[in-house]
Each structure stands twice: as structure tokens, then as C-alpha cells.
Amino acid sequence: MRCGAVIVAAGAGTRLGGVAKALLPAGDRTFLARIVATAGEVGVAAGDVVVVVAAPFRDAVAAAARALGTIVVDNPAPERGMGSSVACGFAALPPGLDAAFLWPVDHPWVAASTLAALVAAGGGAPAHGGRRGHPPLVAHAQFAALAAAADHPDGARGVLRGSLAAIPVDDPGVLRDVDLPGDLEVDACVA
């Protein structure tokens, strides 16, 4: 199975005081670099990764993404919500992929073993402790619907609702997102 990834990194990080989450440190790498490296551990080529960027950090995040060898796509209207970034990303995936991870950049602590479990299952959403997390692995058959997610009333969540099996994993990283300054303190302990 040839997998790609859409990394949504178009937010303004306002709840963190206005920072580019993609460029925050996650151990010895940035969030973005850690995600691309983790995906690479299960065979996802950097050239099959799309990083969605937007103002106000468009240029800095795009430069970091290009340095990692990924595809960069700009979301010209991020105020439409995350569904618009998902749509931009899935529309820009290269041909020939069987599936793609949908990965918000604020989830850098996902283990490669989780990705391997999703690939072995042929897709699905990782679940830890009975709660679904990120990144789901989405089959090619859903790419077109996700590329139109900006127009769905519930965005990408509405497109995927009920279509992804929960894949149990022993990985709390699937639930650990970084939204508030206190979340960074927890991540510093993990790094």
C-alpha cells in the first residue's frame, strides 16, 4: 500500500499566543519535522506528503516544509475552518496513492507503530482508551469527498463520520494535541 499524508499546518496558533505550531520544538525537531520523520518510518515518502499552510505563518512554514522535501499548498481562505485546509491538501495529493494520513500538525507525538497498525488494517482511525484520535488513515476512495470538505456543513469530520473503523492502539500520542500553553509544558516532559 502506497500511503501519503496531508499535514494541516495552516492555523494561526492564537490560543498559544500566535505561534506557528509547525515550527515548535518536539524534542530535537520541530512538530512538522517530527511528523514527516514518523511517517517516513512506515514508508511514506516526503514527496507524498502535502503540508497545508496559510497566513500569518505561510512563508516560514512553507520554507520548513520544502526543506523536508514535502509538497506545499496554500489555503487562501483559512477562516473557512479546518475543512478548507483538508480540502486544499487532499486536492493536492500526488496520483497513485492508495491511502493518506490526515494529520493535524499539533499532534507530533504519534508513534510509528500506530501508523503501522493503521496501514496493516487498511485504514481507520487510531483509538486509545476508547477515544478516537489522529491521524486517521483514509482510503483513496474518499479523497474526492475530502477535497470537497470545505463545502460540507461539518467539514472533514462530516465527510468521514461513520466511515472509519476504530483501530485500538497503545499510543496516548494519538490524543495529545497542543492547543494551550500548558500543553507545551506536558510535551517538554515527554521530549
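Contact here means heavy atoms within 4.5 Å. The model is predicted, so local features need pLDDT of at least 70 and side-chain atom pairs count only at pLDDT 80 or more, while totals for chains, interfaces and linings use all residues. Residues are numbered from 1 along each chain as its sequence is written, and side-chain values use heavy atoms, with hydrogens and water left out.

By that contact criterion, and not counting residues up to four places away in sequence, Leu 32 touches Ile 7, Ala 22, Val 51, Val 61, Ala 64, Ala 65, Leu 68 and Val 105. Leu 32 is also one of the residues that touch the most other members of the largest nonpolar core, which has 32 residues; the others are Ile 7, Val 51, Val 61, Phe 101, Trp 103 and Val 105. A nonpolar core is a set of buried Ala, Val, Leu, Ile, Met, Phe, Trp, Tyr and Cys residues joined through side-chain atoms within 4.5 Å. Two or more residues of this core come from each of strand E1 (3-8), H1, E4, H2, strand E6 (99-104) and helix H4 (112-121). Helices (H or I, at least four residues) and strands (E, at least two) are DSSP runs, numbered from the N terminus. H1 gives the largest share, five residues. Apart from this core lies another, of 22 residues, among them Val 73, Leu 102, Val 138 and Ala 156.

Helix H2 (residues 58-67) has Val 61, Ala 62 and Ala 65 as its buried residues. They cover an arc of only 100° around the axis, which puts them on the same side of H2; the arc is that of the directions from the helix axis to the C-beta atoms. Asp 59 and Ala 67, on the other side of H2, are exposed. Buried means under 20% relative accessible area, exposed over 50%, and partly exposed in between (1.4 Å probe, protein chains only). The buried residues of H2 pack against helix H1 (31-40), strand E4 (49-53) and strand E5 (71-74). After H2 comes Gly 69, with a positive phi near 90°.

Helix H3 (residues 82-91) is largely enclosed by the rest of the structure, because eight of its 10 residues are buried. Among them is Phe 90, at a relative accessible area of 4%.

The structure holds two aromatic pairs. Rings of Phe, Tyr and Trp (its six-membered ring) pair if their centres lie within 6.5 Å; planes under 30 degrees apart count as stacked, over 60 as edge-to-face and the rest as tilted. The rings of Phe 90 and Phe 143 have centres 5.3 Å apart and planes at 65°, so this pair is edge-to-face. Phe 90 lies in H3 and Phe 143 in helix H5 (residues 143-147), 53 residues apart, so that the pair links distant parts of the chain. Phe 143 is buried as well, at 8% relative accessibility.
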